[in-house]
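Dear colleague,

Please find below the structure that I am handing over to you. My notes on what was found in it follow directly after.

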Amino acid sequence: MTIYEYWQAFKKANNIEHDNYDAWAFGATKKTSLELGQLVLDGLKTATSSAYGLYFDEEPIPKVGDYNVIVDYKDNPMAITKTTKVYTTPYNEVTEAHAFLEGEGDRTLAYWRSVHQPFFEEDLESVNKTFDETMPVLCEEFELVFPTVTTEA
């Protein structure tokens with residue numbers, strides 16, 4: 001099923017008339033996209049974060065009420081989420097509660113930092129920016145609003 005077909009099925013099931021959604025995968029690898037997408041489907045991942053410095057004019061900042069088609073590494077749709085909260089905070093002030101909502105690893109802030117710092121460093125390097133402990137992080141919370149189709153591993 002294509003992203004478009006998946007969105008159309010969601011629209012029909014929920015009497016939605018617009019086509020305002022974004023489609024994206026978690027992480028930068030096949031493994032990460034599948035693992036984190038599955039955490040959403042399992043109800044363990046209800047938040048995400050990104051380096052605020054990666055948002056430009058062509059990359060709008062998420063807003064409450066936005067729909068997201070979560071896809072795997074092959075752009076197969078896995079789920080649709082709806083954004084419920086968006087805020088920025090310095091990297092060194094991301095909370096234990098937010099780390100828990102991200103659902104990764106043991107769900108602690110220590111684990112969150114151990115995987116997000118290298119991820120942010122790599123992403124920022126790609127746009128000639130550098131990581132630092134006080135840089136702003138865009139935190140987004142969401143709810144699962146449409147389940148998955150089977151994707152191949």
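**Surroundings of Glu104**

Leaving aside residues up to four places away in sequence, Glu104 touches Leu36, Leu39, Lys45, Tyr111, Val115 and His116, where contact means heavy atoms within 4.5 Å. This is a predicted model, in which local features need pLDDT of at least 70 and side-chain atom pairs count only at pLDDT 80 or more, while totals for chains, interfaces and linings use all residues. Residues are numbered from 1 along each chain as its sequence is written, and side-chain values use heavy atoms, with hydrogens and water left out.

Glu104 is placed in the loop between helix 3 (96-102) and helix 4 (109-125); helices (H or I, at least four residues) and strands (E, at least two) are DSSP runs, numbered from the N terminus. With 12% relative accessibility, Glu104 counts as buried, a term that means under 20% relative accessible area, against over 50% for exposed and partly exposed in between (1.4 Å probe, protein chains only).

**Helix 2**

Leu36 and Leu39, touched by Glu104, are among the buried residues of helix 2, which also include Ser33, Leu34, Gly37 and Val40. The buried residues of this helix pack against strand 3 (67-71), strand 4 (77-90) and strand 5 (136-146). The twelve residues of helix 2 (residues 30-41) should span 16 Å at 1.5 Å a residue, and the 17 Å between its end C-alpha atoms agrees with this; the expected span is 1.5 Å times one less than the number of residues. Just after helix 2, Gly43 has a positive phi of about 80°.

**Aromatic rings**

Rings of Phe, Tyr and Trp (its six-membered ring) pair if their centres lie within 6.5 Å; planes under 30 degrees apart count as stacked, over 60 as edge-to-face and the rest as tilted. By this rule there are 14 aromatic pairs. Trp7 and Tyr21 are stacked, because their ring centres are 4.5 Å apart and their planes are at 25°. Trp7 lies in helix 1 (residues 3-14) and Tyr21 in the loop between helix 1 and strand 1 (22-24), so the pair ties together parts that are 14 residues apart in sequence. Trp7 is buried, at a relative accessible area of 0%, whereas Tyr21 is partly exposed, at 28%. Tyr6, Trp7, Phe10, Tyr21, Tyr67 and Phe146 form one aromatic cluster.

**Charges over rings**

Lys45, which Glu104 touches, lies over the face of Phe26 at 5.0 Å from the ring centre, and Arg107 lies over the face of Phe100 at 3.7 Å. The criterion is NZ of Lys or CZ of Arg within 6 Å of the ring centre and within 35 degrees of the ring normal.

Yours sincerely
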